[in-house]
Amino acid sequence: MSVHVAVQTAPFDVGAETARLSALSPHIGGIGLFVGQVRGGQGLKAMTLEHYPGMTEAIMNDLAQEAQARFALTGCTLIHRVGRLEVGAGIVFVGAAAAHRGAALQATSFLIDRLKTGAPFWKREDYEDGRAVWVDAREADEDAARAWLP
C-alpha cells in the first residue's frame, strides 16, 4: 500500500491527489474522497489551525495504516492544512483507493471520523467583529469516531 500523509500550509490539489491515487495500481476499482473546507456563516471570516508537529503526522500515519489493514486499501492520502484559512478554503483531503468502491468509501468515512477527533489539531474561529473563539470538540464527532472502535 502507498500512504501519503502531510500537514501543510499550502493548498492541496484535489485533481492531482486523486490522479496520484488512481495511478497506484490497475486493480483499483474505486476511490473514496472527502474534502473539508472552511464553512462560512454568522460572521466567520477565517479559521486558524494549529497542530503538534511530529505527533500529528505520526497519528495520521497510524490511522492510514489501520485503514489499510481494515479495508484492504491499495493507497491512502491524508492531507491536513494548518495556519490561517479563509472561508471556502480546503482544510482536509482524505482519499482511499481500493479494489472495490465499498471498501474505499468505508475507509474514507473511517479516516475522517477518526482524524477529526484523534489527531492533535486546534481550531480557532476568527469573526468579522474581531472575536476569536477556540473550537471545542463536538460530541457528535466523538460519537462518530467511537462507532469505529471494535
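This is a predicted model: local features need pLDDT of at least 70, side-chain atom pairs count only at pLDDT 80 or more; totals for chains, interfaces and linings use all residues.
User: Are Phe-110 and Trp-148 buried or exposed, and which residues do ring pairs link into a cluster?

Analyst: Phe-110 counts as buried, at 0% relative accessibility, and Trp-148 also counts as buried, at 17%. Ring pairs link Phe-110 and Trp-148 with Phe-71 into a cluster.

User: Turning to charges, how many salt bridges does a search of the whole structure find, and with which residue does Arg-84 form one?

Analyst: Side chains of opposite charge can pair when their charged atoms come close. The search of the whole structure finds ten salt bridges. Among them, Arg-84 pairs with Asp-126, the closest N and O atoms being 2.8 Å apart; this pair links distant parts of the chain, with Arg-84 in strand E5 (residues 83-86) and Asp-126 in strand E7 (residues 121-127), 42 residues apart. Arg-84 is partly exposed at 43% relative accessibility, whereas Asp-126 is buried, with a relative accessible area of 6%. Asp-126 also forms a salt bridge with Arg-124, where the closest N and O atoms are 2.7 Å apart.

User: What separates Arg-146 and Asp-143 in helix H4?

Analyst: These two residues form a salt bridge whose closest N and O atoms are 2.4 Å apart, and because Arg-146 and Asp-143 are three residues apart in helix H4, about one helical turn separates them. Elsewhere, salt bridges that share partners join Arg-84, Glu-86, Arg-124 and Asp-126 into one network.

User: Where does the charged end of Arg-124 sit, and which residues form a nonpolar patch on the surface?

Analyst: The charged end of Arg-124 sits over the ring of Trp-134, 5.7 Å from its centre. Trp-134 is found in strand E8 (residues 132-134) and is partly exposed, with a relative accessible area of 43%. Together with Tyr-52, Met-55 and Trp-122, Trp-134 forms a nonpolar patch on the surface, with about 450 Å² of accessible area together.

Technical notes:
Residues are numbered from 1 along each chain as its sequence is written. Side-chain values use heavy atoms; hydrogens and water are left out. Buried means under 20% relative accessible area, exposed over 50%, partly exposed in between (1.4 Å probe, protein chains only). Rings of Phe, Tyr and Trp (its six-membered ring) pair if their centres lie within 6.5 Å; planes under 30 degrees apart count as stacked, over 60 as edge-to-face and the rest as tilted. A charge sits over a ring if NZ of Lys or CZ of Arg is within 6 Å of the ring centre and within 35 degrees of the ring normal. Patches are made of residues with over 30% relative accessible area and no salt bridge: like charges are joined within 9 Å, nonpolar side chains (Val, Leu, Ile, Met, Phe, Trp, Tyr) within 5 Å. Accessible areas come from the Shrake-Rupley method with a 1.4 Å probe; for residues, only the protein chains shown count as cover. A salt bridge is a side-chain nitrogen of Lys or Arg within 4 Å of a carboxyl oxygen of Asp or Glu. Helices (H or I, at least four residues) and strands (E, at least two) are DSSP runs, numbered from the N terminus.
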